[in-house]
Amino acid sequence: MEPPKSLLETLKATQPAQLHLLQSFVRAPSPNPPGSTSAAAAVLTAYLSENNIPYEIIAPQPGCPNIVSEFAGGKGPGPRVVLNGHIDAFPVGPNTDGWDRDPYSGDVVDGRVHGRGVVDMKSGTASLVIAYAALYERREELRGSVALCAVSDEETGGRWGTQYLIKRDRARWGGDVMLSSEPSGMTIRFSEKGTLRITGVVRTRGAHGAYLNLSKGAIRTASACFAEVIEAVESMHVNAPPEIAVHLNNPETLAAIDRAMGPGTSTIIAKPTVNIGTIKGGTKVNMIPDTCEFELDIRLPVGLTAEDVLSVLESIGQRYADEEGATITLKKQEAASNPSSFSPLDHAMVECLKNGATHAGGPRPVATPSMGATDCKHYRYAGIPAYVYGCSPLTMASVNESASVEEFYHVTRTHALAAWEFLSS
């Protein structure tokens with residue numbers, strides 16, 4: 001379906017105002033933790049007010065407002081599309097020596113907007129707010145309805161943001177399909193890996209550092225155990241749904257994954273991975289440690305559950321207890337562990353996003369999984385399809401984080417056009 005020329009013309013003509021909104025948004029710090037997003041949220045509500053768009057504030061936590069808005073189309077009943085983006089961002093940290101400019105400068109240099117959070121995901125959230133305003137202006141042309149959710153708690157799990165809104169009123173803030181503009185490298189993300197976070201403790205006999213005949217010590221035992229865990233978990237069979245397995249064996253899909261997320265990503269995106277995130281042990285260099293504490297970050301592709309992996313870990317731990325007398329205690333971090341999630345590859349919105357990206361002047365995007373977690377999981381857990389289309393993730397959370405201005409404009413057009421087609425056809 002050809003999009004209305006007036007919509008594209010409006011989005012092109014308002015690019016200076018769009019860029020101003022993004023720069024102002026970046027210049028309003030919203031690191032989470034600690035989580036205060038009021039200043040950044042005020043930038044978005046000012047934009048909505050300037051465009052005469054009504055909105056509400058839902059704030060279950062002080063200083064963390066969730067901005068919500070909704071409108072009904074003028075052509076009668078139809079599906080509800082929710083545009084969801086987050087206001088909070090990663091912290092900068094205490095040391096800014098590596099930054100070429102103020103981390104919240106919002107400067108435009110060489111066609112890129114610079115500042116913490118611009119990639120994850122202030123560029124994307126600004127795109128959704130602008131797309132929502134463009135759709136609101138043309139609401140009489142649409143059937144169904146559109147909702148906007150700009151949330152304040154994504155970086156720490158969404159308890160007071162998206163998860164809260166869906167539990168509070170699924171019909172209004174869940175809708176029938178959700179669009180996100182998290183950084184996706186101009187691919188359509190239809191699924192994401194789950195996370196299994198493990199806290200572990202290894203205990204062995206301690207001794208003088210010279211007497212390794214008495215004990216290997218907790219750190220050496222943990223190191224040997226890690227090697228077995230990595231080998232066992234990363235070689236586990238993944239029982240993915242057939243349509244996903246076929247899609248992820250497509251050379252076009254694999255090439256798109258590497259372009260969007262970096263060379264080699266395609267080799268692990270459908271496999272479990274184990275990251276040893278933290279390790280702590282020992283009292284003194286010439287003492288054999290009796291305790292070693294650690295944390296594991298295990299990523300679970302669609303088709304592998306936490307229970308599958310925990311069974312393997314417990315088996316390895318038991319063998320160390322039987323053969324070496326070590327005690328290995330494992331505890332799942334419940335709040336930080338989430339199952340994988342996916343949405344149908346053949347949903348009508350996928351085709352609308354592909355068409356929208358093409359009409360917006362870009363190549364026809366490929367559907368890919370996501371390596372990291374987003375608020376899409378809360379929609380998918382609630383049975384609501386959710387899809388991502390956003391800018392490149394390659395400077396996300398790094399020193400000198402920056403996003404392409406042209407990608408920002410393109411993502412804005414794509415979401416506006418995709419939602420318009422979905423609610424017009």
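**Close-up views of a predicted model**

**View 1. The annotated dimerisation span.** An unreviewed UniProt entry carries the annotation "domain: Peptidase M20 dimerisation" for residues 193-316; such annotations may be inferred rather than shown by experiment. The end C-alpha atoms of this span lie 24 Å apart, and 36% of the span is helix and 27% strand. Helices (H or I, at least four residues) and strands (E, at least two) are DSSP runs numbered from the N terminus.

This is a predicted model, where local features need pLDDT of at least 70, side-chain atom pairs count only at pLDDT 80 or more, and totals for chains, interfaces and linings use all residues. Residues are numbered from 1 along each chain as its sequence is written, and side-chain values use heavy atoms, leaving out hydrogens and water.

View 2. Strand 3 (residues 80-86) runs parallel to strand 7, joined by 4 bridges (strands pair if DSSP finds at least two bridges between them). Within this pairing, valine 81 stands opposite valine 177.

**View 3. Strand 7 beside strand 17.** Strand 17 (residues 386-389) is also parallel to strand 7, with 3 bridges between them. Look for alanine 386 of strand 17, the bridge partner of methionine 178.
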